[in-house]
Amino acid sequence: MDKSKPRRQPDGGQQPNEQQQVGLRLRTARETLGLTQDDVAGALGVPRTSVTAMESGQRNVTALELRRLARLYRRTVHWLLGEEEEEAAVDNALYRATAELSEDDKEQVLRFAQFLASAGSPPGPRKRRSAPAPLGPPPNSPTRPPGQQ
């Protein structure tokens, strides 16, 4: 059986082979960062068609390319190979949200993140009251502080 072709599932669908699964993770990581195949090809020093072939599972990725791709995509080699679970979506959303910011704005976001990190973990969840707290002064209390009329 040719290992480069997907295996047929009992329901008639196709299961991607390992090379195709790696290719899918490569494409996902590239798209998450907003990179084009041309960007990746330039970083690796290969033709764009090689990146296309890697992402479609039609070309093996060398160990050196895999290491460079992991660095470029800010992922681990283990994640690219499917040996680690998906990283938190929050990290990806944070990266995308800040990607277009100016350098000054990125510095402010970084300082704020460092401030939040230095504050420690938030307190545990509070017990909820049966009814929300009323807005305004409590019943039977003066609306002005004592001594002011």
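Colleague: In what order do the elements of the protein run from the N terminus on?

Modeller: Bear in mind that this is a predicted model. Starting at the N terminus, the order is β-β-α-α-α-α-α-α-α. That comes to seven helices and two strands.

Colleague: And how much of the protein do buried residues make up?

Modeller: Buried residues account for 20% of the 149 residues. As for contacts between residues at least 6 apart in sequence, 39% of them join residues at least 24 apart.

Colleague: OK, on to α1. What caps its N-terminal end?

Modeller: Asn17 does, with a side-chain oxygen 3.0 Å from the backbone nitrogen of Gln19. Asn17 sits in the loop between β2 (14–15) and α1 (18–32). The backbone nitrogen of Gln20 is also in reach, 2.8 Å from a polar atom of the Asn17 side chain.

Colleague: Is Asn17 buried or exposed?

Modeller: Buried, because its relative accessibility is 6% and the cut-off for buried is under 20%.

Colleague: How far apart are the end C-alpha atoms of α1, and what span should its residues give?

Modeller: The end C-alpha atoms are 21 Å apart. With 15 residues at 1.5 Å a residue, α1 should span 21 Å, so the two values agree. Just after α1, Gly34 has a positive phi of about 75 degrees.

Colleague: Which residues of α1 are buried?

Modeller: Gln20, Val22, Gly23, Leu26, Ala29, Arg30 and Thr32.

Colleague: Switching to packing. At what angle do α1 and α3 pack?

Modeller: About 120 degrees, with the axes 6 Å apart. The two helices are therefore oblique to each other, as 65 to 115 degrees would be needed for roughly perpendicular.

Colleague: Which residues make that contact?

Modeller: On the α1 side, Gln20, Gly23, Leu24, Leu26, Arg27 and Arg30. On the α3 side, Met54, Glu55 and Ser56.

Colleague: Now the largest nonpolar core. Which of its residues touch the most other members?

Modeller: Leu26, Met54, Leu69, Tyr73 and Leu80, out of 16 residues in that core. At least two core residues come from each of α1, α2 (37–44), α3 (48–56), α4 (63–73) and α5 (77–80). The biggest giver is α4, with four residues.

Colleague: Take Leu69, then. What is it in contact with, leaving aside neighbours within four places in sequence?

Modeller: Leu26, Val40, Leu44, Met54, Val61 and Leu80.

Colleague: Last one: Glu65. Buried or exposed?

Modeller: Glu65 lies in α4 and is buried, because its relative accessible area is 9%.

Colleague: And what does Glu65 touch, not counting residues up to four places away in sequence?

Modeller: Glu65 touches Leu44, Val46, Met54, Arg59 and Asn60.

Note on methods. Residues numbered from 1 in each chain as written. Predicted model: local features only at pLDDT ≥ 70, side-chain atom pairs only at ≥ 80, totals over all residues. Heavy atoms only, no water. Buried < 20%, exposed > 50% of the residue type's maximum accessible area, 1.4 Å probe, protein only. Polar contact = N/O pair within 3.5 Å; in protein donor to acceptor, adjacent residues only side chain to side chain. Expected span 1.5 Å × (residues − 1). Core = buried A, V, L, I, M, F, W, Y, C linked by side-chain atoms within 4.5 Å. Contact = heavy atoms within 4.5 Å. Axes fitted to C-alpha atoms, helices over the stretch in contact; angles between N-to-C directions. Parallel < 35°, antiparallel > 145°, perpendicular 65-115°, else oblique.
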